[in-house]
Amino acid sequence: MRAKRLRSFYLLRLVKGEEIITALKDFSKEKKIKGGMILGIGAGKEFTIGYYDLLRKHYLKRFVSEECEIVSLFGNIALLEGEVFIHCHVVLSLPNFSTVGGHLFSGTVTATAEIFILPSPMKILRQKSEEIGLNLLDL
């Protein structure tokens with residue numbers, strides 16, 4: 001990964017072979033980012049994406065093995081029980097130009113991923129919601 005601080009945000013360039021969520025979590029820990037916004041584009045493969053089934057309170061997951069364009073990567077950084085928690089959604093363009101998307105569990109960079117992180121001036125917390133079954137923003 002290459003990273004550069006540009007005034008109020010960071011610009012990251014993930015390299016071939018990096019796992020996206022792990023790289024974002026490691027970078028956030030290193031820079032002591034306790035809240036923020038994530039935006040990105042790029043290319044990758046071996047994505048695990050999900051759709052949350054509210055009735056069953058679990059994610060339906062889909063594995064996308066082929067190389068895809070990351071049309072949109074959007075998410076946030078928060079703390080859950082004192083640990084950095086990365087929550088991202090992604091839209092992927094498949095080789096046939098169709099798209100799939102959902103919650104991003106993992107994905108491996110193939111060419112590059114260009115990601116902006118805008119840190120929050122305050123820490124952002126998450127808390128488990130028993131009703132919903134997810135770790136929601138604690139506002």
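Among contacts in the protein chain (heavy atoms within 4.5 Å) between residues at least 6 apart in sequence, 63% join residues at least 24 apart. Keep in mind that this is a predicted model, in which local features need pLDDT of at least 70 and side-chain atom pairs count only at pLDDT 80 or more, while totals for chains, interfaces and linings use all residues. Residues are numbered from 1 along each chain as its sequence is written, and side-chain values use heavy atoms, with hydrogens and water left out.

How much of the chain is tucked away? Of its 139 residues, 40% count as buried, meaning under 20% relative accessible area, with exposed over 50% and partly exposed in between (1.4 Å probe, protein chains only). The C-alpha trace spans about 45 × 40 × 20 Å along its principal axes.

Met-37, Leu-39, Phe-74, Phe-116 and Leu-118 make a nonpolar patch of about 410 Å². Such patches are made of residues with over 30% relative accessible area and no salt bridge, with nonpolar side chains (Val, Leu, Ile, Met, Phe, Trp, Tyr) joined within 5 Å and like charges within 9 Å; a salt bridge is a side-chain nitrogen of Lys or Arg within 4 Å of a carboxyl oxygen of Asp or Glu. Strands β3 (36–53) and β7 (99–119) each supply at least two of the patch residues. Met-37 lies in β3, and it counts as partly exposed because its relative accessibility is 32%.

Terms used: Areas by Shrake-Rupley, 256 points an atom, 1.4 Å probe, with all protein chains shown as cover. Helix = DSSP H or I, 4+ residues; strand = E, 2+ residues; numbered from the N terminus.
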